[in-house]
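Work through the exercises below with the sequence and the model open side by side. Try each task before reading its solution.

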Amino acid sequence: MPTPSDMTTDLAPGVLDALQHQVAVFARRAEQTRLGGVGQVRNSMDRAAYLLLNRLDQEGPMGVKALAAGMGIDSSTVTRQVAPLVDTGLVKRTSHPEDGRAVVLQLSPRGKARLDEVRASRRELMALVTEGWTEDERDVFCNLLTRFNSALSDALLPVAPTS
């Protein structure tokens, strides 16, 4: 099986250097703006909250372990990040429909409204940033960025020990 250093020998180092630099610049820009949209909603929801609320909206109520697994983070991190969302009424803790002893997290109506507001603002920012792009360019960029994020996530997964 090739090692990561073996895999880079066939690729031009200049392109890889430029790519890693652009990813670093992107990460800095994303952190500076928190990709929070435009207008009054700008920077009004941190990345962790947005990702948690978005997942609950897309996949429905779920337990902490399932939420953590789906996001590739540990349960303790999800518990810590969800606490202020529960405190502010954006997320509700409810009993599991099949096992009343288990607790599931669910997006509240207030959380859904807030998420919709932030999404609209972020959508406006994406339209502004890609204003001169064709629909095809936006599509290609989105597909490549999705592919890049998936590959990066796969590369960062812990390697299971072999026995």
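**Exercise 1. At what angle do H4 and H5 pack, and which residues meet?**

Step 1. In this predicted model, H4 and H5 pack at an angle of about 105°, and their axes are 8 Å apart. Axes are lines fitted to C-alpha atoms, for helices over the stretch in contact; angles run from 0 to 180 degrees between N-to-C directions. Helices (H or I, at least four residues) and strands (E, at least two) are DSSP runs, numbered from the N terminus.

Step 2. Classify the angle. Under 35 degrees counts as roughly parallel, over 145 as roughly antiparallel, 65 to 115 as roughly perpendicular and the rest as oblique. H4 and H5 are therefore roughly perpendicular to each other.

Step 3. List the contacts (heavy atoms within 4.5 Å). From H4 come Val-64, Lys-65, Leu-67 and Ala-68; from H5 come Ser-75, Val-78, Thr-79 and Val-82.

Step 4. Sort by class. The H4 and H5 contact has 5 nonpolar, 2 polar and 1 charged residues. Here Ala, Val, Leu, Ile, Met, Phe, Trp, Tyr, Cys and Pro count as nonpolar, Asp, Glu, Lys and Arg as charged, and the others, Gly among them, as polar.

Ground rules for the numbers: residues are numbered from 1 along each chain as its sequence is written, and side-chain values use heavy atoms, with hydrogens and water left out. Since the model is predicted, local features need pLDDT of at least 70 and side-chain atom pairs count only at pLDDT 80 or more, while totals for chains, interfaces and linings use all residues.

**Exercise 2. Describe how H3 packs with H5 and with H4.**

Step 1. Take H3 with H5. Their axes come within 10 Å and cross at roughly 90°. H3 and H5 are therefore roughly perpendicular to each other.

Step 2. Ala-48, Ala-49, Leu-52 and Leu-53 of H3 meet Val-78, Gln-81, Val-82 and Leu-85 of H5. This contact divides into 7 nonpolar, 1 polar and no charged residues.

Step 3. Take H3 with H4. The angle is about 110°, and the axes are 11 Å apart. H3 and H4, too, are therefore roughly perpendicular to each other.

Step 4. On the H3 side are Leu-51, Leu-52, Arg-55 and Leu-56; on the H4 side, Leu-67, Gly-70 and Met-71. The classes are 5 nonpolar, 1 polar and 1 charged.

**Exercise 3. How many residues does the largest nonpolar core have, and which elements supply them?**

Step 1. A nonpolar core is a set of buried Ala, Val, Leu, Ile, Met, Phe, Trp, Tyr and Cys residues joined through side-chain atoms within 4.5 Å. Buried means under 20% relative accessible area, exposed over 50%, partly exposed in between (1.4 Å probe, protein chains only).

Step 2. The largest core has 19 residues. Those with the most contacts inside it are Leu-53, Leu-56, Leu-67, Val-82, Leu-85 and Val-91.

Step 3. Helices H3 (47-59), H4 (64-71), H5 (75-87) and H6 (109-129) and strand S2 (103-107) each supply at least two core residues. H3 gives the largest share, 5 residues.

Step 4. Zoom in on Val-82. Not counting residues up to four places away in sequence, Val-82 touches Leu-52, Leu-67, Val-91 and Leu-105.

**Exercise 4. Buried or partly exposed: where do Met-45, Ala-113 and Ser-76 stand?**

Step 1. Met-45 lies in the loop between helix H2 (13-33) and H3. Met-45 is buried, at 5% relative accessible area. Met-45 and Val-118 are 73 residues apart in sequence and 7.4 Å apart, C-alpha to C-alpha.

Step 2. Ala-113 lies in helix H6. Ala-113 is partly exposed, at 48%.

Step 3. Ser-76 sits in helix H5. Ser-76 is partly exposed, at 46%.

**Exercise 5. Which residues form the aromatic pair, and what is its geometry?**

Step 1. Rings of Phe, Tyr and Trp (its six-membered ring) pair if their centres lie within 6.5 Å; planes under 30 degrees apart count as stacked, over 60 as edge-to-face and the rest as tilted.

Step 2. The structure holds 1 such pair. Trp-133 and Phe-141 are edge-to-face, with 5.4 Å centre to centre and 90° between the planes.

Step 3. Trp-133 is partly exposed, at 34% relative accessible area. Phe-141 is partly exposed, at 42%.
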